[in-house]
Amino acid sequence: MKNIDVKDGKETTEMNENPDVEAQTNLQDQQENASQECESTDNMTDELEVLKNKYNELNDAHLRLMAEYDNYRKRTLREKAELIKSGGESALSNLLPVVDDFERALQDIRTAEDLSVVIEGIELIYNKFLSYLFQQGVKPIDAIGKPFDTELFEAIATIPAPEPDLKGKVIDSVQTGYTLYDKVLRHAKVVVGE
């Protein structure tokens, strides 16, 4: 054991008179250190166990979420396929009366003596079919006299304009174009004045 002499400030080493006390003190220090190490190891083990449990919970939640999303995606694709498949059903069932009218008209054409009656019947069927298209959002593109627009029209020919104000405008429509809710289904084939 070291002692400091108060008079000269020098360090002096003295042997402890009782070596058993010193050994006992060292033993107590070692025991305290060992118990502190055990406590810190126990704390670390407890923390590690808590972290493992938290990891397992999060991993399980993640796997369940992935499975749920995959099921949702498959269900959505199946529903879309069914809508596409059965979506045309109502459109086609509404066309059947027009087909029936055409069948009756074809039978009447073979036996009809008055051609004006046949023409009138065909016009009625045509108007019925156009009204069905209007109900579905299909509309013809009005072309004649309009300025040429590549978004709506397809120019199949250009001819000299009969009047100066018809330059760059549609003079004749060879095939009617149609839109579906303002989206072009088919461009109108037109003749443009130059």
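A salt bridge here is a side-chain nitrogen of Lys or Arg within 4 Å of a carboxyl oxygen of Asp or Glu. By that criterion, a search of the whole structure finds six salt bridges.

Before the details, the basis. This is a predicted model, in which local features need pLDDT of at least 70 and side-chain atom pairs count only at pLDDT 80 or more, while totals for chains, interfaces and linings use all residues. Residues are numbered from 1 along each chain as its sequence is written, and side-chain values use heavy atoms, with hydrogens and water left out.

I will start with Asp70. Its side chain meets that of Arg73 in a salt bridge, at 2.7 Å from N to O. Both residues lie in helix α1, residues 19-111, and they are three residues apart, about one turn of the helix. Helices are DSSP runs of H or I with at least four residues, numbered from the N terminus. Lys74 joins in as well: Asp70, Arg73 and Lys74 are linked in a network of salt bridges.

How accessible are the two partners, Asp70 and Arg73? Asp70 counts as partly exposed because its relative accessibility is 26%, and Arg73 counts as partly exposed at 36%. The classes are buried for under 20% relative accessible area, exposed for over 50%, and partly exposed in between, using a 1.4 Å probe and protein chains only.

Next, Asp101 and Arg104. Their closest N and O atoms are 2.4 Å apart, in a salt bridge. This pair also lies in helix α1, three residues apart, about one turn of the helix. Asp101 is buried, at 14% relative accessibility, whereas Arg104 is partly exposed, at 46%.

The next pair is Asp142 and Lys146, whose side chains meet in a salt bridge at 3.9 Å, N to O. Asp142 is exposed, with 54% relative accessibility, and Lys146 is partly exposed, with 36%.

Last, the nonpolar surface. Phe102, Leu106, Ile109 and Ile122 form a nonpolar patch with about 340 Å² of accessible area together. Such areas come from the Shrake-Rupley method with a 1.4 Å probe, and for residues only the protein chains shown count as cover. A patch takes residues with over 30% relative accessible area and no salt bridge, joining nonpolar side chains (Val, Leu, Ile, Met, Phe, Trp, Tyr) within 5 Å and like charges within 9 Å.

Which element gives the most to the nonpolar patch? That is α1, with three residues. Leu106 is found in helix α1, and Leu106 counts as partly exposed because its relative accessibility is 47%.

Note on methods:
Helix = DSSP H or I, 4+ residues; strand = E, 2+ residues; numbered from the N terminus.
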